[in-house]
Amino acid sequence: MVNSTIATTVYVNPVTGSDTNNGSRLSPFKSLTHALNGLGSPAIVQLAPGTYHAASGEVFPLIIPSGVWVVGNEATKGEAILIEGSGDYQTKNFGSQNITLVLASNAQLMGVTVTNPVNKGTGVWIDSTEPTVANNTFIKCRREGIFISGNAKPAILDNIFVQNASAGLVMARNAKGEILRNIMQRNSIGIAISDFAAPLVASNKLSENRVAIALSREAKPVLRYNQITDNSSGGLLLNGNSIPDLGSSQDPAGNIFGDNHEYDIQNATSVKLVSAGNLLNPTLVKGLVDFVATNVDNPRQLAVNSSFPDLNGHWAAPFIEAVYKKGLISGFPDGTFAPEASITRAQYAAIISKTFQLPLKRKVTKFTDIESSFWAASAIYRGAGMGFISGFPDGSFRPNQNLTKAQAIVSVVSGLRLKGGNPNVLAMYGDRAQIPSYATNAMAIATQKLLVVNYPQTEQLQPLRDISRAEVVALIYQALVALDKQKAIASPYIVKPDGVNMPSFTDLTGHWAEPFIRSLVSLDLTTGFADGTYKPDIPMTRAQYAALIVKAFNPTAKRRVSDFLDVPGKSWAYKSIKAAAQGGFVGGFSDGTFRPQENVQRLQIIVSLVNGLGLTAAHGSALQNFIDSQTLPNYARTAVATATQQRIVVNYPDPKKIEAKREATRAEVAAMVYQALVAIKRTPPIHSPYIIFPNGN
């Protein structure tokens, strides 16, 4: 059983979507409000271009739950993906406020544009939580783009704050966190920090504001490597008892002040400020400031929450950190990782041979251009012996040649001997025509195994481009996840094919069970018929059900089972029925038969899944969900209650009727098998009004 958690991905399009859709790539919801309603964690909400406002069905403030990522287009900082609106929200410390979005801990907001047009309106409110806000644009909020309070520790990375009435960003109370690489432009105040707040403010660009950074009360931020230029009043303003960290003799701050109109620094406090390693105009320094000489000639850029200074906020940082901590990859002598650098065939061989300790499956002839003294010689021969890499027809290996993305993906699929690709899945890539013919099947396999990671747009594969060090690490990490050797990392850049990328069925469009069926198809657990239909509403036989069970759950034998009298050894279903019976999912009748051609009943499905999976028994109160619960036989009542508690029961068309003795359709079987996979955390939840929740919730 896989021990990782796959993040649910739902899609929203305010132009073409509908909140009656299933939220898949080709059947998106219309509103972000609907997508977030009841969404589990982890989950990714992918937004299409358009305006998300009250007219499109949004109800503000939008609350982004823990573990949920709302993603637009990070490459454009959310251009054309506008979230616009405001709603009253009762905050912990500041009463009722007009807010567009509220972020919980571990929530992420990336690649959108946010504006709050209401008087004194705030774009994003963060109170005592630890979310990530990256690559967004906050524009024309009537107060500030982001307000941070309480004990919050957010990561505010690579955003643009422009023309916000009061400030781009405000931080108060005891908040900390990181404010890195943002652009603050044409705001009244770029960054305002008050109370006891003490964030790291590093590598930001603040220009054309009235005041770039304003501190008050007991604020104690750490300021490093910021560019503070051309602000109409000034750069850094200190009031109250605020004391920023502007460097020391051993730790130069590296802030650059220039062309500010009235002052670079104005210290209106009674405490002398220490400045070390900052570039500023002494004639534009007002108040008590002590300039301290530094003893460091070439200070290195500050590293924050990362083993490498050039990974802070990088899209692949989680993958790289995980692989680095396992000792499978290292950085460079200068302390950097260089995530965007290309990787050579020799470097790739070194990583592969260290990561995958597989037996050698072929004998490798010596490469003409690899001497035994070459630093990667042993890694190259081991990688070739395992089947990950090979040489060229002329007998060379070409160790210094860069690796393309297609070559890397084919290498991993080949080396790990992965199977089961469906070429139809490649339709999701806008540049699929660039995939070399030799790589088509491997690319399909890699996509279905969740190995492909595309930044910044998942639909763009760019197979012929040199692969970067960051992309190689992400690919290798996903391979380890597929092998059940690492836990999944939630990322919006992991390509996740859904059912709409599988073969289409002429009779599924708009069907109530379409998302369940397509999801099982994408997992290669069920198929349709030769005429292009799925026939969702016809019954399923007991033999067909046993075959599906074995494919979905691969049950281990729990008991000895004799052969059934009516299932001969030559029957197509013999092995499946035997395995399902030994695993405790199915049983025979008192006369020793299995009756494989008899249609399976809904009650039999429910009891089968509960018994086969060994689910913990639930209280009978769950049966209150059903108006026909009196029809349930006594032997099955606990199993039905358990299945209800685990959200396995799916009732259509009337959720209140379980109709236990009715023959189950192919659609109903698919839905309940999928829900059983959800219950054991093998698949992400699907939202459907026909899933029965315990106590009707």
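A bit of housekeeping comes before the tour. Residues are numbered from 1 along each chain as its sequence is written, and side-chain values use heavy atoms, with hydrogens and water left out. Since this is a predicted model, local features need pLDDT of at least 70 and side-chain atom pairs count only at pLDDT 80 or more, while totals for chains, interfaces and linings use all residues.

**The strands**

Helices (H or I, at least four residues) and strands (E, at least two) are DSSP runs, numbered from the N terminus. Two strands pair if DSSP finds at least two bridges between them. With that in hand, look for an open sheet of 9 strands, paired in parallel and ordered S3-S6-S10-S13-S16-S19-S22-S25-S29. Strand S3 (50-52) and strand S29 (256-258) sit at the edges with a single partner strand each, so one side of each has no neighbour in the sheet. On average, neighbouring strands here are turned by 15 degrees against each other, direction ignored (axes are lines fitted to C-alpha atoms, and angles run from 0 to 180 degrees between N-to-C directions).

| Strand pair | Bridges | Facing residues |
|---|---|---|
| S25 (residues 227-229) and S29 | 3 bridges | Gln227 and Ile256 |
| S26 (residues 234-238) and S30 | 4 bridges | Leu236 and Ile265 |
| S30 and S32 (residues 285-286) | 2 bridges | Gln266 and Lys286 |

Strand S30 (residues 263-267) has 4 of its 5 residues buried, so the rest of the structure largely encloses it. Buried means under 20% relative accessible area, exposed means over 50%, and partly exposed is in between (1.4 Å probe, protein chains only).

**The cores**

A nonpolar core is a set of buried Ala, Val, Leu, Ile, Met, Phe, Trp, Tyr and Cys residues joined through side-chain atoms within 4.5 Å. The largest one has 68 residues, and Phe319 and Phe356 make the most contacts inside it. Helices that each supply at least two of its residues include H2 (317-325), H3 (345-355) and H7 (469-482). H7 gives the largest share, 10 residues. Contact means heavy atoms within 4.5 Å; leaving aside neighbours within four places in sequence, Phe319 touches Val473, Ala474, Tyr477, Gln478, Ile489, Ser491 and Ile494. There's also a second, separate core of 67 residues, with Val586, Ile606, Ala667 and Ile691 among them.

How many residues of H5 are buried? The count is 9 of 11, which leaves H5 mostly covered. Lys405, Ile409 and Val413 are among the buried ones, and the buried residues of H5 pack against H3, H4, H6 and H7. Just after H5 comes Arg417, with a positive phi of about 55 degrees.

**One last residue**

Arg682 lies in the segment after helix H13 (666-679). Its relative accessibility is 28%, so Arg682 counts as partly exposed. Arg682 and Ala552 are 130 residues apart in sequence, yet 10.0 Å apart in space, C-alpha to C-alpha.
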